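User: Please take a close look at one part of this structure, the site around the ligand. What holds the ligand there, and what surrounds that site?

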Amino acid sequence: MAYDDQNIFAKILRGEIPCTKLYEDEYALAFPDINPHAPVHILVIPKGPYLSIEDFGLRASPEEITGFYRAVSKVAAENGLSTDGFRAIANTGANGGQEVPHFHVHLLGGKPIGPMVSG
Ligand code: 5GP
């Protein structure tokens, strides 16, 4: 599957759709999920055109990979998730329930998140 630059997160990266920026650097952007599933629900996305965590791990440069995961850690800490913990989720493909085809990590916290997989 080819990367579609008309996906919602590509539009957010280009500034065509607004978001509340919680963090931004050369490698990553973080903003609240529009439909939160926890008191804190943040999406962290890489700036490059990657479909999924799998695509990112295979194609991104070492600098992009390091920069992105450092941003994830900073976003978690800056949003109060370090002390009590959080869940990081990267839904991937159809069986993973991925809706937006641009790699993103969900950070969920602010309360116990519950069982790892429901249903
Ligand atoms: P996925 O199912 O692909 O892992 O998650 C995509 C997430 O993106 C969903 O939790 C959804 O609420 C969120 N989302 C979709 N469109 C927008 C948007 O325009 N703005 C923001 N902030 N979040 C969005």
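Analyst: An oxygen atom of the ligand lies 2.7 Å from an N or O atom in the side chain of His104. This is a polar contact, meaning a pair of N or O atoms within 3.5 Å. Taken alone, the ligand exposes 520 Å², and the protein buries 86% of that; accessible areas come from the Shrake-Rupley method with a 1.4 Å probe.

The model is predicted: local features need pLDDT of at least 70, and side-chain atom pairs count only at pLDDT 80 or more, while totals for chains, interfaces and linings use all residues. Residues are numbered from 1 along each chain as its sequence is written, and side-chain values use heavy atoms, with hydrogens and water left out.

The backbone takes part too. A polar backbone atom of Val100 is 2.9 Å from an oxygen atom of the ligand, and a backbone N or O atom of Pro32 lies 2.9 Å from a nitrogen atom of the ligand.

In total, 16 residues surround the ligand, each with a heavy atom within 4 Å of it. The closest are Asp33, Asn91, Glu99, His104 and His106. By type, the shell divides into eight nonpolar, six polar and two charged residues; Gly counts as polar, and Asp, Glu, Lys and Arg as charged.

Helix H1 (8-13) and strand E2 (28-32) are the elements that give two or more residues to this shell. The largest share, three residues, comes from H1. Helices here are DSSP runs of at least four residues, and strands of at least two.

Definitions and conventions
Polar contact = N/O pair within 3.5 Å; in protein donor to acceptor, adjacent residues only side chain to side chain.
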